[in-house]
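Open the model in your viewer and show it as a cartoon. Follow the stops below in order.

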Amino acid sequence: MRRIRIGVLFGGRSGEHEVSLMSARSIIGALDPKRYEVIPIGITRDGVWKRPNNALELLQQGQLDALQESLTTSQTAVALDPKAKDVPPLDVVFPVLHGPYGEDGTVQGFLELANLPYVGSGVLGSAVSMDKSIMRRLFAEAGLPLVPWRSSLRSRWQQDPESVLTAIEEQLGYPCFVKPANLGSSVGISRARSRHELEAALTTAAQYDRKLVVERGVVNAREIEVSVLGNDEPQASLAGEIRPGGEFYDYATKYLEDSSELLVPAPLSPEQQEQFQQLAVGAFQAVDACGMARVDFFLAEDGTIFVNEINTIPGFTRISMYPKLWEASGVAYGQLLDRLIELAVERHEDKAKNKATRI
Ligand SMILES: Nc1ncnc2c1ncn2[C@@H]1O[C@H](COP(=O)(O)OP(=O)(O)O)[C@@H](O)[C@H]1O
Ligand SMILES: [Mg+2]
């Protein structure tokens, strides 16, 4: 049997470039070489696609700095077409790219144009899940529990700050969280406890996006996460919990410090576990996700559950929540990859059944 040739896309233009290298390293290390031939394709911070000769070795050895260097200096840019002659014909692609230009539907659109099966959500599911405002509208429509929130355009904030501040104070109060609609990894997010802090938070978030989302803060929230796997019949893993070391799960606690604690499974009653699992599947379906996603929640002190967000390309190192939750639910890391690749091919085949014309 011929091996499946899988293109692994890593790096990319987002702030989560390094996280992507770590995820890709774990994934490539776990793909069974008897079944898969891995073609690593690196994307530089400037968005150039490259295949340095030694990419696979450097990734496997964990020499991410050297790989970074090799990506930057390598002359061998690949044509922006995964079917071009620089890349052998691929059977499937795994975009291991977190954040904008990877998790947001852009790469997915490109792979659709190239008619290649790929792991994870399609264009629509990826794009709506990246936008915290559209995502919330779809969650609300599906009846999922959300903290009170509102969105505002940057232009409105700049033209009429007073009315934006007043509306937030009247509808949400303090503390509240201010976020750029379209980033990830907590970049540009702040908590505001007063008008003074709110002004600063809106100004910060407005540097990152033209759309801003403000939410009522859940005080002393527990942060619960569930992994979902599947296409038309998605399954949920056990729920896990993150105890951030810092004041909230900001960029530093996520990536710079080693202070957060992962509890797998989360200490919850069986009823709560089931509730989180049902809501996670509901969130997955609400945004039309495919393949995989991690759904994040807040559990308030009084027991109220709120859906916070869905991540369509969650962190994928061996110690990341997404695979750890599956491991605890009986799906080992390697099996999880096999299943995701099968799901990618299944979805591609399912789509190929659609008639393109009326005759
Ligand atoms: N409404 C909220 N109430 C309490 N904490 C929040 C709220 N929104 C965000 N946070 C804190 O900020 C972190 C990052 O917010 P999140 O919306 O998950 O952004 P990102 O997409 O960057 O992960 C959360 O994990 C949580 O610690
Ligand atoms: Mg988050």
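Start by selecting S5 and strand S8 (residues 211-216): the two pair in the antiparallel sense, over five bridges. Remember as you look that this is a predicted model. Now pick out Trp149. Which residue of S8 is its bridge partner? Glu215 is.

Helix H8 lies across S5, S8 and strand S6 (176-180). Compare directions here: H8 runs at about 175° to S5. Then colour helix H9 (residues 195-205). Helix H9 also packs on the sheet, where it touches S6, S7 and S8. The direction of H9 makes about 15° with that of S6.

Now show the whole sheet. In what order do the four strands come? The order is S5-S8-S6-S7. The sheet is open, and its pairing is antiparallel. Find the edges: they are strand S5 (149-153) and strand S7 (190-192), and each pairs on one side only. Turn the view to follow the twist, which averages 25° from one strand to the next.

The C-alpha trace spans about 65 × 55 × 45 Å along its principal axes. Does the chain's radius of gyration agree or disagree with that of a compact globule? It agrees, because a compact globule of 359 residues would have a radius of gyration near 21 Å, and the protein chain has 21 Å.

Last stop: the interior and the contacts. Of the 359 residues, 43% count as buried. Among contacts between residues at least 6 apart in sequence, 67% join residues at least 24 apart.

Technical notes
Residues numbered from 1 in each chain as written. Chains lettered and ligands numbered in written order. Predicted model: local features only at pLDDT ≥ 70, side-chain atom pairs only at ≥ 80, totals over all residues. Rg over C-alpha atoms; globule rule 2.2 N^0.38 Å. Buried ≥ 20, exposed ≤ 12 C-beta atoms within 10 Å, placed from the backbone. Contact = placed C-beta atoms within 7 Å. Pairing = 2+ DSSP bridges. Axes fitted to C-alpha atoms, helices over the stretch in contact; angles between N-to-C directions.
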